[in-house]
Amino acid sequence: MIHPDPTLFGHDPWWLILAKAVGVFAFLLLTVLAAILIERKVLGRMQMRFGPNRVGPKGLLQSLADGIKLALKEGLTPAGVDKPIYLLAPVIATVPAFLAFAVIPMGGAVSVFGHRTALQLTDLAVAVLYILAVTSVGVYGIVLAGWASGSTYPLLGGLRSSAQVVSYEIAMALSFAAVFLYAGTMSTSGIVAAQERTWFVFLLLPSFLVYVTSMVGETNRAPFDLPEAEGELVGGFHTEYSSLKFAMFMLAEYVNMTTVSALATTMFLGGWHAPWPISIWDGANTGWWPLLWFTAKVWAFLFLYIWLRGTLPRLRYDQFMAIGWKVLIPVSLAWIMVVATAHSLRVHGEGAWATALLIGGTLATLLLARTLWRAQRPGNQRFIADPVAGPDSFPVPPLPHEHAAATAESTPKEKTDA
């Protein structure tokens, strides 16, 4: 089996490096165009209606038409904005989304015009940390967009987004710690090579579940799309944006979805390795075939995004933050301890480490499911039922006058002279 040689990176001719960079850029753009169209069609079928079917054969050119329309629309700039930051925010949100894909391995070593190179733009000893650092910069675009718009609702959306990203990035990073312990490296190509025999999704199932939950929250997608909740914040941080600037935010969202899906594939699903039973074929992981397996796994995660959007309602903000801080982070810390113990037993030659890891993963998964169920029980909410609608209504926070009345009743009245 051919694995990328670390010496291959940094020694390609300039034209090959440029070609790979353009290839990654084109791959992301085409994925975004296809994802928008497929999402609209799949959601339409889920809702018993047709999706786009007018522009082009069976609506296949709808995404391209929408992109052209957004680019040619008049760009409106509100009067009260901080114009330099207002214009820079979409760029800050978009560029890091593309940069993060530079260290994603899309295949093994191939030959291009006589030059042996890896289907990966570059690699680093701390490649996964590079991805976390670059994607963290993208949230500044959302925060600055909300602040520079000079409006209340975008500001609230930007503040929500900053709290959301901080909360779920911690859980995401902790889910990677178990992979680092097991693979012995932070290099993305090294992590893929470590999964040649067994994918980490089977040995590190709790880490995988925590990551999948975190990646949905990280990309502000339903049911975690709180920063742009149109029912509460009109449109969130991009309320005051239009034309090409709004298109850049939309592009950043879908590119981020593709990046975190590719990272999940790399960390847990064997990367570009062929799934069983295709892997039985000797040539499955050679040549350009790994690019096909990698793309198929990425699209499986993109379909998961679409499925969640068409199935689950949006959570309340307190529920969303409680899942991040009270469920995902404690479960991740406990699971890291299990993985570290199993790794120590493996180093010392204990043969039962794999069994112990599988048992621990099963128990941790059950614990995670039980905790999530308990966190969503109505009895655990700190809100009260609507007195008008009855005790079985959806719990709502107390209104200001109700809070004042309750405070007055709890305060003893002072005696006054007649």
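A crossing of two helices is termed left-handed if the near helix is turned anticlockwise from the far one by less than a right angle, and right-handed if clockwise. In this predicted model, local features require pLDDT of at least 70 and side-chain atom pairs count only at pLDDT 80 or more, whereas totals for chains, interfaces and linings use all residues. Residues are numbered from 1 along each chain as its sequence is written, and side-chain values use heavy atoms, with hydrogens and water left out.

Helix 3 (residues 83-99) passes helix 10 in a left-handed crossing, helices being DSSP runs of H or I of at least four residues, numbered from the N terminus. The two helices pack at an angle of about 20 degrees with their axes 8 Å apart, where axes are lines fitted to C-alpha atoms over the stretch in contact and angles run from 0 to 180 degrees between N-to-C directions. Helix 3 and helix 10 are therefore roughly parallel to each other, a description applied to angles under 35 degrees. Residues of helix 3 that meet helix 10 include Tyr86, Leu87 and Phe98, and their counterparts in helix 10 include Met248, Phe249 and Val255, contact being defined by heavy atoms within 4.5 Å.

Serine 243 lies in helix 10, which spans residues 243-268. Serine 243 is buried, with a relative accessible area of 6%, the term denoting under 20% relative accessible area with a 1.4 Å probe and protein chains only. Its side chain reaches the backbone oxygen of lysine 73 at 2.8 Å, and, not counting residues up to four places away in sequence, serine 243 touches Leu70, Ala71, Lys73, Glu74 and Gly75.

Definitions and conventions:
Buried means under 20% relative accessible area, exposed over 50%, partly exposed in between (1.4 Å probe, protein chains only). A polar contact is a pair of N or O atoms within 3.5 Å; within protein, one must be able to donate a hydrogen and the other to accept it, and residues adjacent in sequence count only if both atoms are side-chain atoms. Angles under 35 degrees count as roughly parallel, over 145 as roughly antiparallel, 65 to 115 as roughly perpendicular and the rest as oblique.
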